[in-house]
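Subject: Structure for you to look at

Hello,

Here is the structure I said I would pass on. Please open it first, then read the notes below with it in view.

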Amino acid sequence: MLIETETTPNPATLKFLPGRRVMDAGTRDFANHEEAEASPLAEALFALGDVEGVFFGSDFISVTAAPGAGWPDLKPQVLSVLLDHFTAEMPLFRPGSAAEINVPAEEEFADDPADADIVAQIRELIDTRVRPAVANDGGDIVYRGFDKGTVYLRMHGACAGCPSSTATLKHGIESLLKHYVPEVTEVRAV
């Protein structure tokens, strides 16, 4: 099995492509070892000690190195964990009942029903133009709300903590949304 790697705009994060589907639907972000307990793969990656974040995309895994950790030492360890996991065809998540699921509440803004058409346009642009581009860089951006001209977005994976994320939000996403949806005046990360 060959696992390809790609750099991301975030120098602390590498994108690993196992050549197969990782998530059948959606994405999953693990910010710490406790959150990773839901996934044997994420837990094994955090157990390496120098991992600060793990993100599962549709066909990739992004791993963020802890401050002070170097990719020359960490990359072979991550590849070993990924190879072991995928060649053994282990499950991505531990089985369990719904009672065991604990999804942290996301900050979301209640959209004004009068803005329904604007919100639909914003969501469409994010889903069709922004998210695919961000996934190429090992991350994800999720719509959180629209209020008085401001669009609120949550960044995941390689995008969270990336030095260029502010530029991506302001010069890329904000410009795109303002162009197609004149009611948008600003984009903010939450």
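A strand here is a run of at least two residues that DSSP marks E, and strands are numbered from the N terminus. With that in hand: β6 and β7 form a hairpin, with two residues between them. K148 sits in the turn and has a positive phi of about 50°. Please keep in mind that this is a predicted model.

One of the pairs joins V142 to R154 in β7. On β7 there is also a pairing with β8 (residues 186-189), this time parallel, over four bridges. There, L153 stands opposite A189 in β8.

Together these three strands make an open sheet in the order β6-β7-β8, with mixed pairing. Its edge strands are β6 and β8, each of which pairs on one side only. On average, neighbouring strands in this sheet are turned by 30° against each other, direction ignored.

Two helices lie across this sheet. Helix α3 (residues 116-136) lies across β6 and β7 and runs at about 165° to β6. Helix α4 (residues 165-180) lies across β6, β7 and β8, at about 145° to β8.

Why is β7 largely enclosed by the rest of the structure? Seven of the eight residues of β7 (residues 150-157) are buried, so the strand is largely enclosed. Take T150, which lies in β7. Its relative accessible area is 6%; the cut-off for buried is under 20%, so T150 counts as buried. The bridge partner of T150 in β8 is E186. Leaving aside neighbours within four places in sequence, T150 is in contact with G145, T185, E186 and R188.

There is also a sheet of five strands. It is open, its order is β1-β2-β5-β4-β3, and the pairing is antiparallel. At the edges stand β1 (4-7) and β3 (28-30); each has a single partner strand, so one side of each is left without a neighbour in the sheet. Neighbouring strands in this sheet are turned by 20° against each other on average, direction ignored.

Within this sheet, five bridges join β4 (residues 51-56) to β5 (residues 61-65). F56 has I61 in β5 as its bridge partner. Helix α2 (residues 71-87) lies across β1, β2 (13-17), β4 and β5, and runs at about 30° to β2.

Regards

Notes. Residues are numbered from 1 along each chain as its sequence is written. This is a predicted model: local features need pLDDT of at least 70, side-chain atom pairs count only at pLDDT 80 or more; totals for chains, interfaces and linings use all residues. Side-chain values use heavy atoms; hydrogens and water are left out. Two strands pair if DSSP finds at least two bridges between them. Axes are lines fitted to C-alpha atoms, for helices over the stretch in contact, and angles run from 0 to 180 degrees between N-to-C directions. Contact means heavy atoms within 4.5 Å. Buried means under 20% relative accessible area, exposed over 50%, partly exposed in between (1.4 Å probe, protein chains only).
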